[in-house]
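Follow along and check each entry as you go.

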Amino acid sequence: MSSSNSLPVVVLSGPSGAGKTTIVGEMLRNSPVPLALSISATTRPPRPGEVSGDHYYFLSDEEFRRRREAGEFLECAEVHKSGYWYGTLKSEIDRIHAAGSWAFLEIDVEGALRVMELYPQAVSIFLETPSAEEYERRLRNRGSESDEVIQRRLRTAENELKYAVSYRYRVVNDELDRAVREICDILSREDAGSHAG
Ligand code: 5GP
């Protein structure tokens with residue numbers, strides 16, 4: 001555990017389109033420890049099928065700013081220079097820990113670095129695509145983004161790679177089942193470590 005009186009925080013980052021959403025779903029189903037997803041707040045409009053309070057809390061710019069000024073966020077950032085804000089609410093971590101689970105944060109590099117500052121024991125995991133070419137192929141296959149957005153995400157990913165060294169673990173998402181198993185092993189080891197000595 002991260003300290004004697006608090007449950008762990010798990011932080012996962014990696015380029016969008018790298019298969020993070022699928023990994024997150026599989027982690028929640030297969031985790032060897034009780035793991036609950038921290039639902040972030042965002043000013044981005046919902047994509048088709050997205051429901052507020054499910055993967056995100058969708059907030060207006062005003063509401064987001066009000067909560068930011070009230071100090072309700074553990075971290076928040078404008079992601080991918082998109083003009084949209086994303087943030088982890090402190091109340092999410094409290095809710096998850098009160099339920100006896102490990103908090104699972106799927107957030108960008110900037111937010112992750114901030115969380116690592118606040119929780120030095122955080123289980124931080126950087127998810128990598130096997131290669132830049134493979135990453136571009138996955139982004140294009142997804143078919144949901146314009147060329148301009150894809151180019152911006154490729155630049156962001158290249159930039160974010162520099163921060164991969166700040167994470168305690170790096171996992172290559174070459175094959176879904178293997179990557180999920182590797183992350184499960186990390187969590188098992190962290191759990192065993194927390195009970196040792
Ligand atoms: P998307 O709009 O595709 O759902 O997410 C875009 C990016 O926002 C992803 O890279 C994701 O990691 C990041 N993100 C999602 N929630 C948060 C959050 O609470 N804080 C930060 N800093 N980034 C987030």
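**Entry 1: the ligand.** I am working with a predicted model. I began with Ser-40, where a polar side-chain atom sits 2.7 Å from an oxygen atom of the ligand. Next I looked up Arg-47, and here a polar side-chain atom lies 2.9 Å from a ligand oxygen atom. Then I turned to Glu-106: an N or O atom in its side chain is 2.7 Å from an oxygen atom of the ligand.

Which residues come nearest to the ligand? I found 15 residues around the ligand, and the nearest are Ser-40, Arg-44, Tyr-56, Tyr-86 and Asp-108.

**Entry 2: helix 1 and helix 7.** I moved on to helix 1, residues 20–30, and helix 7, residues 176–195. Their axes are 10 Å apart, and the two pack at an angle of about 50°. Helix 1 and helix 7 are therefore oblique to each other. I noted their crossing as right-handed.

Which residues make the contact? From helix 1, I listed Thr-22, Ile-23, Glu-26, Met-27 and Asn-30. From helix 7 come Leu-176, Ala-179, Val-180, Ile-183, Cys-184 and Leu-187. Sorting the residues of this contact by class, I got eight nonpolar, two polar and one charged.

**Entry 3: helix 5 and helix 6.** My last stop was helix 5, residues 132–142, with helix 6, residues 147–161. Their axes come within 11 Å and cross at roughly 150°. An angle over 145 degrees counts as roughly antiparallel, so that is how helix 5 and helix 6 lie to each other. Helix 5 passes helix 6 in a right-handed crossing.

On the helix 5 side I wrote down Tyr-135, Glu-136, Leu-139, Arg-140 and Arg-142. They meet Asp-147, Ile-150, Gln-151, Arg-153, Leu-154 and Ala-157 of helix 6. By class, this contact of helix 5 with helix 6 has five nonpolar, one polar and five charged residues.

Methods. Residues numbered from 1 in each chain as written. Predicted model: local features only at pLDDT ≥ 70, side-chain atom pairs only at ≥ 80, totals over all residues. Heavy atoms only, no water. Axes fitted to C-alpha atoms, helices over the stretch in contact; angles between N-to-C directions. Helix = DSSP H or I, 4+ residues; strand = E, 2+ residues; numbered from the N terminus. Parallel < 35°, antiparallel > 145°, perpendicular 65-115°, else oblique. Left-handed = near helix turned anticlockwise from the far one by under 90°. Contact = heavy atoms within 4.5 Å. Nonpolar A, V, L, I, M, F, W, Y, C, P; charged D, E, K, R; others polar. Near = heavy atom within 4 Å. Polar contact = N/O pair within 3.5 Å; in protein donor to acceptor, adjacent residues only side chain to side chain.
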